[in-house]
Amino acid sequence: MTTTLITIVAIIGFGLITGTITTIMAFKLLRNNQQKQHLRKSILMEGIPAEAVIHDIVQTSSSMDGRPGVRLDLTVTQTDGRTFPSIVETYIPVTHIPHFQKGNIIKVRYIADGNERKVEVEGAYVP
């Protein structure tokens with residue numbers, strides 16, 4: 001075999017390997033995103049309703065379908081009066097921004113997952 005042929009085979013092999021790894025990683029990322037969106041939807045549909053006070057709202061660098069991403073620092077009040085803190089990253093429609101201000105009370109839903117509670121904001125954007 002000539003050096004040129006060995007080089008061409010090595011380049012093609014390297015390209016196939018890196019292409020395969022990139023494709024696998026992309027599919028894993030897409031599947032993980034789908035699972036997160038499914039969890040968000042199930043919390044909003046089946047979660048326990050509660051109210052939360054917004055202590056802080058910070059816009060993130062992300063957006064989804066033209067809706068800005070925000071990080072909300074909340075204190076959630078359960079129906080029995082007990083409270084717990086939560087930080088939620090979500091997307092809100094631009095028309096709902098006035099409702100999401102520091103000190104406002106918003107409606108949320110949550111599920112208990114062991115000792116952890118997963119919270120989602122009612123009225124937030126879920127694709």
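These legends walk through a predicted model of one protein chain, view by view.

**View 1. The whole chain, from end to end.** Start with the parts list: the secondary structure comes to one helix and five strands. Read from the N terminus on, the elements go α-β-β-β-β-β. The chain's radius of gyration is 22 Å, well over the 14 Å that the globule rule gives for 127 residues, so the chain is more spread out than a compact globule. Along its principal axes, the C-alpha trace spans about 80 × 35 × 20 Å.

**View 2. Strand β4 beside strand β1.** Here you can look at β1, which covers residues 48–64, together with β4, which covers residues 105–113. The two strands pair in the antiparallel sense, and six bridges link them. For a spot to look at, find Ala52: standing opposite this residue is Ile106 in β4.

**View 3. Strand β4 beside strand β5.** Now turn to β5, made up of residues 116–121. This strand runs antiparallel to β4, and six bridges join the pair.

**View 4. The turn between β4 and β5.** What do β4 and β5 form with two residues between them? They make a hairpin. Zoom in on Gly114 in the turn, which has a positive phi of about 70°.

**View 5. Surface and interior.** How much of the chain is buried? Buried residues make up 26% of the 127 residues. The accessible surface comes to about 8700 Å², and 60% of that surface belongs to carbon and sulfur atoms. As for who touches whom, take the contacts with a separation of 6 or more: residues 24 or more positions apart account for 55% of them.

**View 6. Charged side chains.** How many positive and negative side chains does the chain have? There are 13 positive and 11 negative ones.

Key:
Residues numbered from 1 in each chain as written. Heavy atoms only, no water. Pairing = 2+ DSSP bridges. Helix = DSSP H or I, 4+ residues; strand = E, 2+ residues; numbered from the N terminus. Rg over C-alpha atoms; globule rule 2.2 N^0.38 Å. Buried < 20%, exposed > 50% of the residue type's maximum accessible area, 1.4 Å probe, protein only. Contact = heavy atoms within 4.5 Å. Areas by Shrake-Rupley, 256 points an atom, 1.4 Å probe, with all protein chains shown as cover. Lys, Arg positive; Asp, Glu negative; His and termini not counted. Charge placed at Lys NZ, Arg CZ, Asp CG, Glu CD.
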